[in-house]
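These notebook entries record what I looked up in the structure shown below.

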Amino acid sequence: MSKFRSIVAAVCAVVLMAAPAFAQVSVDPNLPDYTPVSGVVGNIKSVGSDTMNNMMTLWAEGFKTMYPNVQVEIEGKGSSTAPPSLISATSNFGPMSRATKSKEDDAFEKRFGYKPTQLPTSIDMLAVYVNKDNPIEGLSFPQVDAIFSKSRKLGMASSIDKWGQAGLTGAWANAPISLYGRNSASGTYGYFKKHALGKGDYRDSVKEQPGSSAVVQGVASDKYGIGYSGIGYKTADVKAIALSKEEGGKLIPATPEYAYTGDYPLSRFLWLTVNYKPGSQLEPLRKEFIKYIFSKQGQMDVVKDGYYPITAQIAKKALASVNIHD
Amino acid sequence: MSTTLKEPQNTPALPREIIRGSMSARKKARGNRGGRSLLAKGEPMLWLTGGGLVVAVVMIIALLTLVIIQGAVTFWPKPVVQFTLKDNTIYMGEVTRDDTYKPEPGVLNSLPADVQADIAANEGWAHRELVRTGNFDLTNTHFHWVEDFNSQGQTLPKWATVIERNSWGRFYGMPKSFLIDGKVVADTPQAAWAEYIKYHDEVRERWHERRGLEKHDIGRESRKVDHARLEMKSALLEHGKDSAEYREAQANYDAIEAQVNVAYARIREEINALNAENDRYQLVMETAQGQEKQLGLAEIVRAYPANQLGLGGKISLYLSRWWEFLSDEPREANSEGGVFPAIFGTVAMTLIMSVLVVPFGVLASLYLREYAKAGPMISAVRIAINNLAGVPSIVFGVFGLGFFCYVVGGTIDEVFFKASLPNPTFGTGGLLWAALTLALLTLPVVIVSTEEALAAVPGSMREGSYGCGASKWQTIRRIVLPRAMPGVMTGAILAMARGAGEVAPLMLVGAVKLAPELPIDGVYPFLHAQRSFMHLGFHVYDLGFQSQNAEAAKPMVFTTTLLLICIVAFLNLFAIWLRARLRRKFVSSQF
């Protein structure tokens, strides 16, 4: 979060782009256009985040239209699978929905002598979803914590088991809350735990789902359900509720403008982790793929997948971190 | 399990006769022996066993009906409906499903009194429809719920057109005008549509030509460079930086790169010319909300004015969608387009697995049954094999990943593909490893059924053969194996059926979300056993649980399931046909 905020704060003025209505998310016009070069061949093997699975696929599809002979293989079983595959060199890209942990950095450093490099590729809002018929407006973090966690690190006195305790009335007051979440290999699981539950433990009654879309579908078919997932997976059957950091604080809806200002408490970068030896040059395949991601076309794919594109400035910084300057 | 599939002549023909056993006879018997208990007469057991069968059959039929109905309607074109809401918002799209529900009190109270009364009269139930409105690039959503009490009414606009695009999902709107070179050549829906019909085929043809250029011609050139680059790297690894070999490889690489760059430029020029020609034709559409959108004709896969289609038009559209589904590559993160790579991967993997598992299984069971002396060792082996059949499939997946991919594959990479490291060649999931893992998984099935078939060959036949002076192997080869062949084939069929439907271990050893590169193609060495592949079973899982546009992917889940069932059934039928052929051959040659 702090990393996210610091980068976002530096560029938020540019980001707001003076766009009055955000009904349509637009791509920063200052991003470079991608132009294909010659000599790009090989295998793109991506192992990592499920949240970014579709986005990786879209990028790969876009990239393949320019380099038809690049082979693409994408696996998305959770962010925690990304560093081990990079270390064992079974993949060359590791999409992750969270920053690497120091343990993962250390394991990587032990093998290669330097830390993995993470590039912020796009912005996601981790949304808390309820069924479309649920009248609830929003929840504060302590409330979310009391719903999802058994440790209640954010200080609620008692746990919230019924919708009535979260402020609903009528038939909802006595309805039990049914919880949906991700499995523990997922970066979303870790991120939500760290930021919304104060690192507390999940309750045992959380139904752990194998994918982001499965969480949304679970909530869609369960009237009293609540779950968390990336904003890109929103469907017409669920509602993303507004969140506030403190009890009684201002509720911030899950809309793009608040993602860019960093006000929405669960906005985060989606990272691409690569094995980059500091000071060296990436080989053509990885270099061009990364350039593609940070181009107008690549960021258009981000919009296509329902996430929010980064700005030209973030892109420039990310590219510079792997020694791409043109 | 194998007993159920045994050939009819082996099973006693009695039961059917008994069941038929003419009701009248039994009625007579009942009258005569009125004093016996109900159970002794056997009727309750008849009902119980018959009932068990009925439940099983009903469940199978229900499952198949669900899959077939849901899967078959996916591609049927629906009308495009325009809803006008009370606040004058307009939604236009296809109604995908509807729902009767009880609105929340908060929602109810905000409604006008007459609507509230209507809903109250309906015992609090209201109706709503889920409309696929598409136009994701303009609205950022694919679907909207429209409540009946919120809607002023619905119409079927005559020129409402559905457009399936290469990207961004579907587009719903009205044709407004048609541009060639930026000049308006038609400005009514009818005229624009006529122009679209006139030009679309040739534009798409050019688009396919372009894709062919990208795929084959550019591919050929890039492979040349790649090959030279790997040679250069091998030379570097083998001979060091200052060697003559490395310098030579480097010079060769530079020469080839220069050559290829020229070729690239030429192909790019061709592609650009095709693109430029295609970009001349633009269809301008107007959404129901009045927004205008210009669509390049090359981007349009298929378009149709949904509300003007007759039955013939609908059928041809339906078939064309099926054809695309079966023969094309997936688009849009697998939620659109076809599943051809997945069909291909499923069939290729299953066949390779069968080729691997059947010989091994037959050899192992021949030793167990014909050569080995019965004893505690053999019993232990047999028990182990039987237990292997009960091990959860994911365990095999873990073993395959740990042993085949990392140990065997990793070693192969170290030895033969050093130049392309750290990118793995064999040291990761792939077709070969998946087939081997599934071969292990299905090995017990083959061994057990082959053993049973071998045991069923009468000992007198073997003795007769020995009596004529034949050796052990000659006896096995000429007498035992032909008699046991149908049983072996039964084992192979069961193994194939199990292997084709297995998904869990494949997720670990090579089935991936997207791998449009087929594992068998026209590029040397033709069979690329190291490549990851797509699998229909995994595709179902991916569509159901991973898809971003979950609502649109749901019907595709059923369609893909239907296809998977058909393919497994087809593979089984093929094997059964093969078995019947073999049996005829051996029976006729025996006497």
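This is a predicted model: local features need pLDDT of at least 70, side-chain atom pairs count only at pLDDT 80 or more; totals for chains, interfaces and linings use all residues.

**Entry 1, Tyr101(B).** I began with the surroundings of Tyr101(B): apart from neighbours within four places in sequence, Tyr101(B) is in contact with Asp133(A), Ala126(B) and Arg128(B). Tyr101(B) lies in strand E2 (residues 90-101) of chain B. Helices (H or I, at least four residues) and strands (E, at least two) are DSSP runs, numbered from the N terminus. Tyr101(B) has 16 C-beta neighbours inside 10 Å and therefore counts as partly exposed. The scale calls a residue buried if 20 or more other C-beta atoms lie within 10 Å of its own, exposed if 12 or fewer, and partly exposed in between, with C-beta atoms placed from the backbone. I also looked up Met489(B), which is 388 residues from Tyr101(B) in sequence and 54 Å away in space, C-alpha to C-alpha.

Residues are numbered from 1 along each chain as its sequence is written, and chains are lettered from A and ligands numbered from 1 in the order in which they are written.

I found 43 residues of chain A in contact with 45 residues of chain B. On the side of chain A, two or more residues each come from strand E1 (42-48), helix H2 (53-66), strand E2 (70-76) and helix H7 (212-221). That side of chain A divides into 14 nonpolar, 21 polar and 8 charged residues. Here Ala, Val, Leu, Ile, Met, Phe, Trp, Tyr, Cys and Pro count as nonpolar, Asp, Glu, Lys and Arg as charged, and the others, Gly among them, as polar.

I checked H5(A) (residues 141-148) for burial: 8 of its 8 residues are buried, so the helix is largely enclosed by the rest of the structure. The buried residues include Phe141(A), Asp145(A) and Phe148(A). Among the elements they pack against are strand E4 (117-131) and helix H6 (187-196) of chain A.

I looked up H14 (residues 431-455) and H16 (residues 472-501) of chain B, whose axes come within 8 Å and cross at roughly 150°. Axes are lines fitted to C-alpha atoms, for helices over the stretch in contact, and angles run from 0 to 180 degrees between N-to-C directions.

Note on methods
Two residues are in contact if their C-beta atoms, placed from the backbone, lie within 7 Å.
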